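Hi,

Here is the structure I said I would pass on. Have a look through it first, and then read on for what turned up in it.

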Amino acid sequence: MATIGFIGLGNMGGPMAGNLVKAGHTVNGFDLSADAVDRFVAAGGNAVGSVTEAVKGAEAVVTMLPAGKHVRAVYLGEDGLLQAASGGTLFIDSSTIDVASARDVAAGAAQAGMAMVDAPVSGGTVGADAGTLTFMVGGPEGDYDRALPLLEIMGKTVVHAGGAGNGQAAKICNNMILGISMIGVGEAFVLAEKLGLDHQKLFDISSTASGQCWSLTTYCPVPGPVPTSPANRDYQAGFTAAMMLKDLKLAQEAAQSANAATPLGAQAMALYSLFVAAGHENVDFSGIIKMLRGHD
Ligand code: NAD
């Protein structure tokens with residue numbers, strides 16, 4: 001069994017680290033929040049006092065932080081991971097961050113003689129608890145092979161998406177599809193209401209016709225047709241509107257730097273900005289149908 005460092009023990013990182021503990025690894029965890037550390041210790045982890053201590057003696061270090069600036073600081077900063085680690089340490093960054101930061105940090109790791117993959121996830125806190133996350137991984141083949149046994153403890157599906165940053169690229173492309181398609185499905189249900197077409201009838205037809213997509217068949221934004229969708233519990237998240245907005249912003253940032261035209265992605269970002277600005281940041285992202293109806 002290995003010694004693993006874990007930085008960022010929040011809603012996602014806490015249960016992910018817990019699953020590594022359950023699998024028999026020694027996990028040395030660090031977080032700025034005392035509450036997060038307490039929950040980690042209750043799950044059997046060892047609390048340490050700094051990034052430097054978390055990397056000491058560790059074969060691998062997992063990071064699960066809010067955004068690119070935190071990842072840059074924790075890896076590249078003074079007393080950061082790359083300075084403190086011994087050569088050959090494997091780093092796995094599972095935070096959702098901008099592609100440019102992911103590639104910069106990976107280049108810094110390679111230069112320092114470390115192995116590194118970006119490995120953002122989908123599956124939310126439920127998947128993090130159950131160990132059923134999907135990992136989208138970017139990095140060299142050999143580093144991916146080393147990361148795989150740990151990722152398989154925390155997740156169910158692991159896909160190697162290519163070189164450094166491609167895990168982040170896959171994540172934001174997927175979530176751009178999701179944001180756009182949820183708005184499309186929401187608009188169709190609102191139009192159906194105005195035309196006197198029953199929700200269930202539209203669902204029965206479109207779910208087996210060319211309008212079929214995940215936002216309709218798994219996450220239907222009106223109550224009834226898919227009993228497990230958040231619409232049936234007043235849009236309790238699930239995946240919050242704030243998280244969707246974060247990912248759509250990352251997609252737009254990437255589109256600008258890569259000179260890609262993504263006009264529907266831009267529109268989806270604008271609509272989720274309005275929804276979040278109206279105070280719905282913690283509502284499930286499928287709740288945007290209320291705004292499309294013209295309701296608050
Ligand atoms: P969170 O805010 O609950 O956890 C982040 C943790 O990082 C916090 O506990 C914070 O104290 C800690 N932290 C910040 N800076 C630190 C530093 N310098 N050193 C040590 N700890 C530090 O967030 P989360 O929901 O766990 O999300 C983490 C990442 O996973 C984000 O990038 C998010 O976009 C992504 N993600 C979240 C979900 C979800 O459903 N929550 C789903 C998929 C992906």
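A quick definition before the findings: a cavity here is a set of grid points where a 1.4 Å probe fits but cannot get out. Please also keep in mind that this is a predicted model.

**The cavity**

With that definition, a search of the whole structure turns up one cavity of 30 Å³ or more. The volume of the largest cavity is about 40 Å³. Which residues line the largest cavity? They are Asp-93, Ile-97, Ala-102, Val-105, Ala-106, Met-116 and Asp-118. By type, this lining splits into five nonpolar residues, two charged ones and no polar ones. Helix H6 (99-111) and strand E6 (115-118) each put at least two residues into the lining, and H6 gives the most, with three.

**The strands around E1**

Next, have a look at strand E1, residues 3-7. Four of its five residues are buried, so the rest of the structure largely encloses this strand. E1 runs parallel to strand E2 (residues 26-30), and five bridges join the two.

Which way do the side chains of E5 (residues 90-93) point? Leu-90 and Ile-92 point one way, Phe-91 and Asp-93 point the other way, and all of them are buried.

E5 is joined to E6 by four bridges, and the two run parallel. Leu-90 has Ala-115 as its bridge partner in E6. The chain goes from E5 through H6 to E6, and this β-α-β crossover is right-handed. H6 and E6 are also the elements that each supply at least two residues of the cavity lining.

**Salt bridges**

How many salt bridges does a search of the whole structure find? It finds three.

- Arg-72 and Asp-104: their side chains meet in a salt bridge at 2.8 Å, N to O. Arg-72 lies in helix H4 (residues 68-76) and Asp-104 in helix H6, so the pair ties together parts that are 32 residues apart in sequence. Arg-72 is partly exposed, at 30% relative accessible area, and Asp-104 is partly exposed too, at 39%.
- Arg-293 and Glu-193: the closest N and O atoms of this salt bridge are 2.8 Å apart. Arg-293 sits in the segment after helix H14 (288-292) and Glu-193 in helix H9 (residues 166-195), so this pair links parts that are 100 residues apart in sequence. Arg-293 has a relative accessible area of 24% and is partly exposed, and Glu-193 is partly exposed at 30%.
- Asp-234 and Lys-290: the closest N and O atoms of this salt bridge are 3.6 Å apart. Asp-234 is in the loop between helix H11 (214-217) and helix H12 (241-258), while Lys-290 is in helix H14, so the pair ties together parts 56 residues apart in sequence. Asp-234 counts as exposed, at 58% relative accessibility, whereas Lys-290 counts as partly exposed, at 26%.

**One more spot in H9**

Helix H9, which holds Glu-193, also contains Ala-188. Is Ala-188 buried, partly exposed or exposed? At 34% relative accessibility, Ala-188 counts as partly exposed, because that class lies between under 20% for buried and over 50% for exposed. Ala-188 and His-199 are 11 residues apart in sequence, and their C-alpha atoms are 9.9 Å apart in space.

Cheers

Note on methods
Residues numbered from 1 in each chain as written. Predicted model: local features only at pLDDT ≥ 70, side-chain atom pairs only at ≥ 80, totals over all residues. Heavy atoms only, no water. Buried < 20%, exposed > 50% of the residue type's maximum accessible area, 1.4 Å probe, protein only. Pairing = 2+ DSSP bridges. 1 Å grid on protein atoms, 1.4 Å probe; cavity = no way out; pocket = protein on both sides within 12 Å on 5 of 7 lines; lining within 4 Å. Points joined across faces, edges and corners; volume = space filled by probe spheres on them. Nonpolar A, V, L, I, M, F, W, Y, C, P; charged D, E, K, R; others polar. Salt bridge = Lys/Arg side-chain N within 4 Å of Asp/Glu carboxyl O. Right-handed = clockwise from strand over helix to strand, strands pointing away.
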